[in-house]
Amino acid sequence: MAKTYDYLFKLLLIGDSGVGKTCLLFRFSEDAFNTTFISTIGIDFKIRTIELDGKKIKLQIWDTAGQERFRTITTAYYRGAMGIMLVYDITNEKSFDNIKNWIRNIEEHASSDVERMILGNKCDMNEKRQVSKEKGEKLAIDYGIKFLETSAKSSINVEEAFFTLARDIMTKLNRKMNDNSSSGAGGPVKITENRSKKSSFFRCTLL
Amino acid sequence: PPPAQPLGRNLKAVLCQRCGSRVLLPGAATFAHRELLLPAMRKKAAAAAGGGGDVVREHWLVRDMFSFENVGFTRDVGNVKFLVCADCEAGPIGWHCLDDKDSFYVALERVAHE
């Protein structure tokens, strides 16, 4: 069958353990319905389909599978990643302080043009808050990264976060496309050539 | 009888039985027979089966991982990954063997059709 989507983005969730990355990926994971079988094995990744500006986008979203406990997240995990969610827990200051270390880790191991976004998770637990929203925003501004506070539990901003990251990746790809086209653009004939190549450029088949 | 077209493609969308999350669009899979053992979906059933599962025989066969609308893949169990609902984690709804990269089975009796 012909491909039925326009883009395919590999996204990663990064951050200290316990910040709720898994819940961002699996919204209802505490539900009694689920068999112990699945919660014991754990989930590797998910495929989700979203639509942005009339384009169909497949997101392949990976959790770190607890590798972060051993600080062993390396190049293999980052390979092919186009977007990274940096997640901390607003009720855990340490997890916030560690975002800087995670950013360094990304700079060492991930592709240099990977899109990043910082998420302050568990914003439904305001009474236990240790990190102010302003602090989160400031960190994001310092690094030039977008920021949102989310609650996986209450489904606040979770979809918006993934849509924002996907949109930023798409914008970056389109810009690259245009740069490539304009460098070779001479006349109408060339424009047609570029157009015909477009579809293969857009299909970012990873894996 | 499976809701299949003459060619054996799924006429209806494949949904999660529990939360209605869209797993496959109409026409994204073909009907296939294969005997597979899937761990039970529900806790009670799992207990009744003694931690075993059900033998399922009728499947929607998907050839490209990215043909799925929404789906989750478990970590490896031997050389198998089980498929679950991407939204509510209900499952296993399907089966994928790492030795056959182009085959993803979704058990008919573990999903809804609409």
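Reply: Start at B:Tyr105 in strand 8 of chain B, where B:Leu61 stands opposite. This is a predicted model, so local features need pLDDT of at least 70 and side-chain atom pairs count only at pLDDT 80 or more, while totals for chains, interfaces and linings use all residues; side-chain values use heavy atoms, with hydrogens and water left out. To find your way, residues are numbered from 1 along each chain as its sequence is written, with chains lettered from A and ligands numbered from 1 in the order in which they are written.

B:Tyr105 also has B:Trp95 standing opposite. Behind these two partners are two strand pairings. Strand 4 (residues 53-62) of chain B runs antiparallel to strand 8 of chain B, with 4 bridges between them. Strand 7 (residues 94-97) of chain B is antiparallel to strand 8 of chain B too, with 2 bridges, and a hairpin of 6 residues links strand 7 to strand 8. Strands here are DSSP runs of E, at least two residues long, and helices are runs of H or I with at least four, both numbered from the N terminus. Two strands pair if DSSP finds at least two bridges between them.

Now look at which way the side chains go. From strand 8 (residues 104-107) of chain B, B:Tyr105 and B:Ala107 point one way, B:Phe104 and B:Val106 the other, and all of them are buried. Buried means under 20% relative accessible area, exposed over 50%, and partly exposed in between, using a 1.4 Å probe and protein chains only.

What do B:Phe104 and B:Val106 touch? Both are in contact with B:Phe68. Contact means heavy atoms within 4.5 Å. Leaving aside neighbours within four places in sequence, B:Phe68 also contacts B:Val23, B:Leu24, B:Val62 and B:Leu83, and from chain A it meets A:Ile47, A:Thr49 and A:Lys58. Strand 2 (residues 43-52) and strand 3 (residues 55-62) of chain A run antiparallel and are joined by 8 bridges.

B:Phe68 belongs to the largest nonpolar core, a group of 47 residues. A nonpolar core is a set of buried Ala, Val, Leu, Ile, Met, Phe, Trp, Tyr and Cys residues joined through side-chain atoms within 4.5 Å. B:Phe68 is among those with the most contacts inside this core, along with A:Ile84, A:Leu86, A:Ile118 and B:Leu24. Helix 5 (residues 99-109) of chain A gives the most to it, with 4 residues. There is also a second, separate core of 24 residues, including A:Phe9 and A:Met82. As a general point, nonpolar side chains tend to be buried together in soluble globular proteins.
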